[in-house]
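Open the model in your viewer and keep the sequence panel beside it. This tour tells you what to select at each stop.

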Amino acid sequence: AGRTLLDPAAVAVLCSAAASWTPPREWVLEVHSPIDDLPTSFDADALVEQARAAQEQGNPDEAERCIASVLAAFPRHGPALLERGRLLQAGEQYELALDSLDRAIAADEDYWEAHYQRGRVLGQLGRWTESRDALLRAAELNPGHAHTHQLAHIAASNVEDWETAWDQAVK
């Protein structure tokens, strides 16, 4: 009642015609995004290294462009989130840096360098207990990184956690 049945042969002809149809050129919209500027073989890690080099050369805008390109394609790319955190920290945007570093840690809980940078940012914010905890986690993940122990010693001293301060001072 009220239904139209289609001939299977007619459906097959329509489907094959639709599969080979291409719209006229004037119907095609061209959209430009930062990813269009990337090489065909997208190497996210190489772009993060390029961002680090740009930052070291005093070009934070170029560094941010590289990081934005990586994060547009891979929003949970830990090294790009870490580098964005560093860029924001260098620009004294500590809360935004902290957000980026938290996202890097959410992507990889064992990313020692993100915990280390997070501890540094928290220290700059005067949040010493959280700084100590982040630095202790970084030291746990990478016990050979001496600067982590030095900063953990400072953070622990600032909250009068003398046992931890001493333990970190002698490492």
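Select α6 and α7: their crossing is left-handed, meaning that the near helix is turned anticlockwise from the far one by less than a right angle (clockwise would be right-handed). This is a predicted model, in which local features need pLDDT of at least 70, side-chain atom pairs count only at pLDDT 80 or more, and totals for chains, interfaces and linings use all residues. Residues are numbered from 1 along each chain as its sequence is written, and side-chain values use heavy atoms, leaving out hydrogens and water.

For the selection, α6 covers residues 112–124 and α7 covers residues 128–141. Helices here are DSSP runs (H or I, at least four residues; strands are E, at least two), numbered from the N terminus. The two axes come within 8 Å and cross at roughly 160 degrees. Axes are lines fitted to C-alpha atoms over the stretch in contact, with angles from 0 to 180 degrees between N-to-C directions. α6 and α7 are therefore roughly antiparallel, a label for angles over 145 degrees.

Now show side chains where the helices touch. Contact means heavy atoms within 4.5 Å. On the α6 side, pick W112, H115, Y116, R118, G119, R120, L122 and G123. They meet W128, E130, S131, A134, L135, R137, A138 and L141 in α7. Colour by class: eight of these residues are nonpolar, four polar and four charged. Ala, Val, Leu, Ile, Met, Phe, Trp, Tyr, Cys and Pro count as nonpolar, Asp, Glu, Lys and Arg as charged, and the others, Gly among them, as polar.

Which aromatic pair does a search of the whole structure find? There is one: W112 and Y116, with ring centres 6.0 Å apart and planes at 50 degrees, so the pair is tilted. Rings of Phe, Tyr and Trp (its six-membered ring) pair if their centres lie within 6.5 Å; planes under 30 degrees apart are stacked, over 60 edge-to-face, the rest tilted. W112 and Y116 are four residues apart, about one helical turn. Y116 is buried at 7% relative accessibility; buried means under 20%, exposed over 50%, partly exposed in between (1.4 Å probe, protein chains only).

Next, select R132 in α7. Is R132 buried or exposed? Buried, with a relative accessible area of 14%. Beyond its neighbours within four places in sequence, R132 contacts A155, A156, V159, D161 and T164.

Finally, zoom out. The protein has nine helices and zero strands. Of its 171 residues, 34% count as buried.

How values were computed:
Angles under 35 degrees count as roughly parallel, over 145 as roughly antiparallel, 65 to 115 as roughly perpendicular and the rest as oblique.
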